[in-house]
Amino acid sequence: MHINRNKEILQKVLIFARACAMMILLVKVSKLMGGFPSGQRGQTVNLLRFASVVRIHLRPCHSPVYAGLLLFLEKLDRLVQACRRGEIFVIKADFHTHTTWCDGANTTREMVEAACRLGYTDFGVSGHADFSMIEPGFGMSEEKLSAYKRELLALREEFAGRMNVYIGIELDALGPVQEAEYAIGSTHCVKKLGEYVVVDDTEEKLVDWVERLWKGDWYAFAQDYFALEATVYDRTGCDWVGHFDLLTKFNEGFKHFDENSDAYMEPALAAMKRLNAAGLPFEINTGAISRRYRTTPYPSKRLLRELFLMGGRIMINDSYNANPRSVRADLEILAKHTGGKRIAVLGDMTELGSAEESGHRDVGRTVGELGIEMLLAVGERSKKWMVPAAKEAGCADVRWFASRDEARDALLPHFAPGDAVLLKASHFICRFDLMADYLREYQF
Ligand SMILES: [Zn+2]
């Protein structure tokens, strides 16, 4: 339902781009940054660039990528500290935010200003679509939506050059499909015996509903929830899935049901599989953390791990420029990948002057020392210096190619689900971004 241009915009800014078999995850880590006027509500930080964990680029020629997300979750606290000490470079953006147009605590202007003040590069507002089937007046009627878009367009113009502003909408699986530049597909409620059950309203209400409508069987409730969640893309044509397991909002410590049980996991995984097969990204959402209901994001770590296992191949595309230091930084990220092979596709680096030989040798040595399983090197400089250094340092599978496309073709049969590949070279001579585009579209 969304026009291609908007998809394109999003693809350029979404943090974890998944296309074909790549994984896209939206990280929403509001807790890390804070600083929005409302304190707890509506605060949002989406795109993080963790120097040692996740590397993300927002510039159009840099396709965003996943690396080590699970690691990130495990080390959240440490990362928060490191962020505060300024040791981690963070790219800030968010696409799931609310304002007084729906249930946010701040006006759109306040949110946009706050994001800009915090140094965000990209900021999208995703007001709730019309929700009047459940609560008259809640969400945005078509009329309200037009006014909302006008306000955001004006803010986009006002903030042009400082921060990109996007006009989004959060659709509900049971609600009307309304148009915006991008749409988040969420399942906030299920319909049971003619009643709408809102899963994230209050704990008391939800407990009461489950008692009455499912005879207290939380697993039967979960089954109905995920059966609906599985259809959210078919129903809304959304661009990604919002808070996939929102039904766990009040289940911290597994208070009401065991999220590890088969009775819960089976319907959850069935829904995840279906949405994943449609190529949909899953948002990582910390809304419930910032509101102090939960200590972990949606989806749960367990579900994220499953998603990761379904997620296929990971591409770290940092192909815009390359020098020994930046290549090393990327190789270190690649080396952290677990769950599959680590493959480096490295091209010649230019403009190194007298450090040309030592620079290429250093990179080759680093590949070996970090235990990267496979190196595909491209270019004459790499042939002369990087390749022998990598072999010497113990890289077991080193291959050399005269051209980018030869390396690409050699990569394809080795790039298996669970593997991670790093693309890195000096842009102008190697144009690895073209390889990234190719891999993104390639039907593995
Ligand atoms: Zn929502």
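Leaving aside neighbours within four places in sequence, Gly 127 is in contact with His 98, Thr 99, Trp 101, Cys 102, Met 140, Tyr 148, Ile 169 and Glu 170. The model is a predicted one, and in it Gly 127 sits in strand S3, which covers residues 122-128. Is this glycine buried or exposed? Gly 127 has 26 C-beta neighbours inside 10 Å, so it counts as buried, the cut-off for that being 20 or more.

Next comes helix H7, made up of residues 203-213. Its buried residues are Leu 206, Trp 209 and Val 210. Looking down the axis of H7, these buried residues fall within an arc of 95 degrees, so they line one face of the helix. What sits on the face turned away from the buried side? That face carries Glu 204, Asp 208 and Glu 211, which are exposed. As for the buried residues of H7, their cover includes strand S7 (195-198) and helix H8 (218-229). After H7 comes Lys 215, with a positive phi near 55 degrees.

Further along, two helices pack together. Two packed helices are described by the angle between their axes and the distance between the axes. For H14 (residues 356-369) and H15 (residues 380-392), the angle is about 35 degrees and the axes are 7 Å apart. The crossing of H14 past H15 is right-handed. On the H14 side, the contact is made by Glu 356, Glu 357, His 360, Arg 361, Val 363, Gly 364, Arg 365, Val 367 and Gly 368. H15 brings in Arg 381, Ser 382, Trp 385, Met 386, Val 387, Pro 388, Ala 389, Ala 390 and Glu 392. Sorted by class, this contact between H14 and H15 has eight nonpolar, four polar and six charged residues.

Finally, how confident is the prediction? The mean pLDDT of the chain is 78, with 77% of its residues reaching 70 or more. Over residues 1-77, though, the pLDDT is below 50, and this stretch has 211 contacts in the model beyond near neighbours in sequence. Residues 86-91 also stay under 50, and the model gives them 17 contacts beyond four places in sequence. Where pLDDT is low, the predicted coordinates should not be read in detail.

How values were computed:
Residues numbered from 1 in each chain as written. Predicted model: local features only at pLDDT ≥ 70, side-chain atom pairs only at ≥ 80, totals over all residues. Buried ≥ 20, exposed ≤ 12 C-beta atoms within 10 Å, placed from the backbone. Helix = DSSP H or I, 4+ residues; strand = E, 2+ residues; numbered from the N terminus. Arc of directions from axis to C-beta. Contact = placed C-beta atoms within 7 Å. Axes fitted to C-alpha atoms, helices over the stretch in contact; angles between N-to-C directions. Left-handed = near helix turned anticlockwise from the far one by under 90°. Nonpolar A, V, L, I, M, F, W, Y, C, P; charged D, E, K, R; others polar. pLDDT = per-residue confidence, 0-100.
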